[in-house]
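Hello,

Here is the structure for you to look through. Please open it first, then read my notes below.

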Amino acid sequence: NFQILGMVVKSISIPIYMNRLHIVFLTDFKSDREKVNTKFNQELEEDHDVLGLTQQTGRHVFLCINLDKHTRCYKKEEEREIEVLATIVHEVKHIVNFIFISNGIKLDLYNDEPECYLLDWIFKEVLKVYLKYKKDGKTI
């Protein structure tokens, strides 16, 4: 993990699948947007000021959780925390789909254990970044 002027960033390799996940928690969308575009070769526009966003370029998957937007949308702390976790789960499902697509794997509704294990692993990796951010005294 490292912080770039308000952004919390971590890049990890995803075992077995040969993909790379870039996790970004934005604390100020307006000022962080250009830094994200430059560092991760993204094209975030002003209207991408959403709760969460997942994009894929080749084998690189980019996850952005916009803590700034959560703070603006949810005034009560408990509600905001629940919504951050819900956004992470929502975006992690997109990540799993991107990884399966990039590896030519079809979802199997009758044997979804590989999907569930991957979803679980990615969720825990993203949650570790978020909890470290909070442990370091940051609040949303």
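The sulfur of cysteine 64 is 14 Å from the closest cysteine sulfur, which belongs to cysteine 73, and that is too far for a bond. A disulfide is a pair of cysteine sulfur atoms within 2.5 Å. The structure holds zero disulfides. Cysteine 73 is in no disulfide either.

A note on the source: this is a predicted model, where local features need pLDDT of at least 70, side-chain atom pairs count only at pLDDT 80 or more, and totals for chains, interfaces and linings use all residues. Residues are numbered from 1 along each chain as its sequence is written, and side-chain values use heavy atoms, with hydrogens and water left out.

Are the cysteines buried or exposed? Cysteine 64 is buried, at 4% relative accessibility. Cysteine 73 is partly exposed, at 40%. Buried means under 20% relative accessible area, exposed means over 50%, and partly exposed is in between (1.4 Å probe, protein chains only).

Next, aspartate 32. This residue lies in helix 1, residues 29–40. Helices (H or I, at least four residues) are DSSP runs, numbered from the N terminus. Aspartate 32 is buried, with a relative accessible area of 0%. Its side chain reaches the backbone nitrogen of threonine 27 at 3.3 Å.

Last, lysine 69. You will find lysine 69 in helix 2, residues 67–73. Leaving out residues up to four places away in sequence, lysine 69 touches Asp49, Val50 and Leu51. Contact here means heavy atoms within 4.5 Å. Lysine 69 and leucine 26 are 43 residues apart along the chain, and their C-alpha atoms are separated by 8.9 Å.

Best wishes

Key:
Helices (H or I, at least four residues) and strands (E, at least two) are DSSP runs, numbered from the N terminus. A polar contact is a pair of N or O atoms within 3.5 Å; within protein, one must be able to donate a hydrogen and the other to accept it, and residues adjacent in sequence count only if both atoms are side-chain atoms.
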